[in-house]
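I would ask you to read it with the structure open beside you.

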Amino acid sequence: MDFERLSHHSYALIGCLAWIPLSVWILACLHWTIGGDIDAITGILGIGVAVGLGYEAINPPVPQLSGLTVVAVFVTVIMFPFVRSALDRRQLRGVDIEALERSYQALAVRPDNVIAKFKIAKVLFDLGVCGHALRIGESLVPEMPARFFSDELRTVRRWQAMKLEARFFSPVVCAECHTSNDPGLLFCRKCGAPFLLDFTKGKVVGTRLGKKLISTWISLVAVLIGIPAAKALPPGPCVATVAAMMIFAIGMVYMAFRDPTGGIAA
């Protein structure tokens with residue numbers, strides 16, 4: 001009896017401690033959802049699974065689940081910094097996109113604005129569109145006297161010294177007219193659209209690493225906790241619950257990694 005009482009107290013202590021990282025996770029999911037970093041469905045599911053995990057930690061239906069709960073909470077602690085880092089990077093890329101939009105707006109007012117053009121090149125380089133950024137920068141060199149643009153010229157030389165791979169110089173297709181545009185252009189050669197702005201916006205919107213990690217975590221917890229817990233049910237409901245958990249987990253992973261254009265996103 002003393003051993004059972006000790007075990008009960010141990011489970012209670014584990015459950016209370018589990019709520020510390022789970023509370024951080026719940027608040028983070030709420031913040032990410034409100035901020036638009038993840039969609040509402042993923043955010044609500046993330047919060048719901050965390051609450052359920054916390055409940056299981058305090059009141060495991062079977063003693064064996066206490067150990068699995070510890071594993072699930074441990075996985076949550078490990079994944080949290082990766083999810084936060086991915087979403088923070090996405091926010092920073094969003095700031096770069098806003099800077100790119102402002103530079104294009106400045107060009108609309110003054111098409112010969114060299115500073116705005118170079119700003120576009122710099123933001124493109126930071127966003128990984130390096131080949132196009134380099135060619136734009138090189139095209140601006142004759143328009144940038146060394147006396148006034150020494151920093152910009154040093155930046156172009158630094159880009160040139162990097163010896164970029166050929167893949168960085170692949171043409172970009174205009175989202176408006178589907179024309180292929182070689183590096184060095186700021187506007188589509190056919191329709192005049194800011195194709196690089198549309199391209200980089202698509203890259204940022206398509207960056208869904210945070211959602212993929214959260215969806216994977218939800219699926220993992222569902223399988224790790226839900227399926228063993230279903231063993232306490234009668235045979236019929238147990239089979240139905242296990243099947244539902246597997247379908248849910250596979251569906252979550254599929255929706256997270258699905259390419260909006262079709263197929264599975266890399």
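1. A crossing is called left-handed if the near helix is turned anticlockwise from the far one by less than a right angle, and right-handed if clockwise. In that sense H5 passes H6 in a left-handed crossing, where helices are DSSP runs (H or I, at least four residues) numbered from the N terminus.

2. Please keep in mind that this is a predicted model, in which local features need pLDDT of at least 70 and side-chain atom pairs count only at pLDDT 80 or more, while totals for chains, interfaces and linings use all residues. Residues are numbered from 1 along each chain as its sequence is written, and side-chain values use heavy atoms, with hydrogens and water left out.

3. The axes of H5 (residues 130–140) and H6 (residues 150–161) come within 10 Å and cross at roughly 135 degrees, the axes being lines fitted to C-alpha atoms over the stretch in contact and the angles running from 0 to 180 degrees between N-to-C directions. H5 and H6 are therefore oblique to each other, given that angles under 35 degrees count as roughly parallel, over 145 as roughly antiparallel, 65 to 115 as roughly perpendicular and the rest as oblique. Ala 133, Leu 134, Gly 137 and Glu 138 of H5 make the contact with Val 156, Trp 159 and Gln 160 of H6, contact meaning heavy atoms within 4.5 Å.

4. H4 (residues 114–126) and H5 have axes that come within 7 Å and cross at roughly 155 degrees, and these two helices are therefore roughly antiparallel to each other; their crossing is left-handed. On the H4 side the contact involves Val 114, Lys 117, Phe 118, Ala 121, Leu 124 and Phe 125, which meet Cys 130, Ala 133, Ile 136, Gly 137 and Leu 140 in H5.

5. The axes of H4 and H6 come within 12 Å and cross at roughly 35 degrees, again with a left-handed crossing. Here Phe 118, Ala 121, Lys 122 and Phe 125 of H4 are in contact with Glu 152, Thr 155, Val 156 and Trp 159 of H6.
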